[in-house]
Amino acid sequence: DIYPENSLSEHGSSAKLGQEDDRELSLIFADMRWLKGSDRNPFYSLVLYLYYSYETNRENFSRNKFIQACRNVVSFIVRRAVCSREGRDLNKLRGVLFTDLSTATNLSEQIDINFSRAVLEDTFPKDLEFEHALKTTDLYKLNRSLDLCRFVLTRLEGLNIKNSSDMSRMTIEHILPQNENLNEAWQKELGREWKGIQSLWLHRLGNLSLTFDNSGISDKPFIDKLEYYRKSDINYLNEYVVTCSHWTSEEIYTRGEILAEKCIELWPLPDTVPLEKIAKAKKGGKRKTSSLADYCGTSQSLLTVLKIVDQYIQRGLGDLAGYKRLFKRDFIEYCAYSHSLAIIQPDINNQTLKVWLHCNYNDLSTDKSSVFSRSHSWGIWHAEEVCWEIDCESESDLNAMVVISLSDAVDVVKRRFRNKLI
């Protein structure tokens, strides 16, 4: 028992039943109620403990510090839910979050350390995993028990969850309609691969909005929907949509990127995470990258290996329709029809490259699977991904057999993507 039993009842009621008088805290607790915090949930238990510490002025644990800790908890819950991790490692989480809290002489410092540990031990999903889950998963179908999709869209729009009387009338809008028998206007809009495009992009964040009149606009051509969106009270979610003259995979992907970046702002990693690249990105914003050399600093060995791997991926995927190579802040992404197929993440400090390919491990032949490993910790494409970590200072990590394995594995990625569109 880390806090008195009577305080559990008092603070639990304030948090769970909306009895908190402090408006800022009340809104955070409303988020937690939506996300179904429970006494068995380590996140909720942590909030109750910190609530008691704040109310009793333990070691001058301030209101601002408590609010920041609560926001970290909400970020933690949202990121894990979006990344399909919410039911995993709960005992480990409890150990990390509560470490030394009851004996700490400086509670504020200790809670910062514990959140930092959660990030370091990969129980708090990092930006890369969170961004890719937001852009590539079917958010509409994800974790319906939490009504997660509507929560994310509502918070993106900036609506007050607790006090909005119109919330019950609001439904999720698919800009590209759900109807399997798309009308002729939509088929023409998407092109001859319209079935594959609809299947791939329908339920993703980039294609979702909120509406008060879903039945009245659901299957209408995009040009007709535009008139509704322009007059709608939904502003932020429709901001990019109303600038478009067409609605294809390109527009859905672009909007998905915009909304994913906003989600990272809304539910950020803790400010105090002691990881150099995250701290640097937090202070300096997006790093400008326009070439492979920008990812390698002064390391020639890292750049040499990166160029080789990049060359083989581009050679394998470059003939796909809609192919793009995108320079992101911390990684290079290879896409077709705006669908993520491969990622390279250079690590200057450890002189390594991590290469993720969007394919099933079981589809690789025996000799190729000895080079690649199953990837579960990042969850970029959930079960369908393989990872290869290259030591750029080791000649054996990039010998001829390994390069052939990479080339053949990229072919598997290409075949898998083409088969999915057919």
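Which residues form one aromatic cluster? The cluster is made up of Phe29, Tyr51, Tyr54, Phe61 and Phe66, where rings of Phe, Tyr and Trp (its six-membered ring) pair if their centres lie within 6.5 Å, with planes under 30 degrees apart counting as stacked, over 60 as edge-to-face and the rest as tilted.

The model is predicted, and local features need pLDDT of at least 70, side-chain atom pairs count only at pLDDT 80 or more, and totals for chains, interfaces and linings use all residues. Residues are numbered from 1 along each chain as its sequence is written, and side-chain values use heavy atoms, with hydrogens and water left out.

**Helix H2**

Helices (H or I, at least four residues) and strands (E, at least two) are DSSP runs, numbered from the N terminus. Helix H2, residues 23-34, has 12 residues and reaches 17 Å from its first C-alpha to its last, close to the 16 Å expected at 1.5 Å a residue, the expected span being 1.5 Å times one less than the number of residues. Among the buried residues of H2 are Phe29 and Trp34, buried meaning under 20% relative accessible area, exposed over 50%, and partly exposed in between (1.4 Å probe, protein chains only). At the start of H2, a side-chain oxygen of Asp22 comes to within 3.1 Å of the backbone nitrogen of Glu24, and after the helix comes Lys36, whose phi is positive, near 60 degrees.

**Aromatic pairs**

The whole structure contains 15 aromatic pairs. Trp186 and Phe222 form one that is edge-to-face, at 6.3 Å centre to centre and 65 degrees between the planes; because Trp186 lies in helix H9 (residues 184-190) and Phe222 in helix H12 (residues 222-231), the pair ties together parts that are 36 residues apart in sequence. Phe222 is buried, with a relative accessible area of 3%, and Phe222 also forms a stacked pair with Trp247, at 5.6 Å centre to centre and 20 degrees between the planes. Trp247 lies in the loop between H12 and H13, so this pair joins parts that are 25 residues apart in sequence.

**Salt bridges**

The structure holds 20 salt bridges, a salt bridge being a side-chain nitrogen of Lys or Arg within 4 Å of a carboxyl oxygen of Asp or Glu. Three of them are listed here.

| Salt bridge | Closest N to O distance |
|---|---|
| Glu333 and Lys135 | 3.5 Å |
| Glu257 and Lys328 | 2.5 Å |

Glu257 lies in helix H13 and Lys328 in the loop between strand S3 (324-327) and S4, so their pair ties together parts that are 71 residues apart in sequence. Both Glu257 and Lys328 are buried, and salt bridges that share partners join Glu131, Lys135, Glu257, Lys328 and Glu333 into one network. Glu333 and Lys135 are likewise buried, whereas Arg71, at 38% relative accessibility, counts as partly exposed, and Glu24, at 29%, counts as partly exposed.

**Arg204**

Arg204 lies in the loop between helix H10 (194-201) and strand S2 (208-211). Arg204 is buried yet has no salt bridge, and the nearest side chain of opposite charge, Asp138, is 4.6 Å away; here Lys and Arg count as positive and Asp and Glu as negative, while His and the chain ends are not counted. The side chain of Arg204 does reach the backbone oxygen of Leu200 at 3.1 Å.

Key:
Polar contact = N/O pair within 3.5 Å; in protein donor to acceptor, adjacent residues only side chain to side chain.
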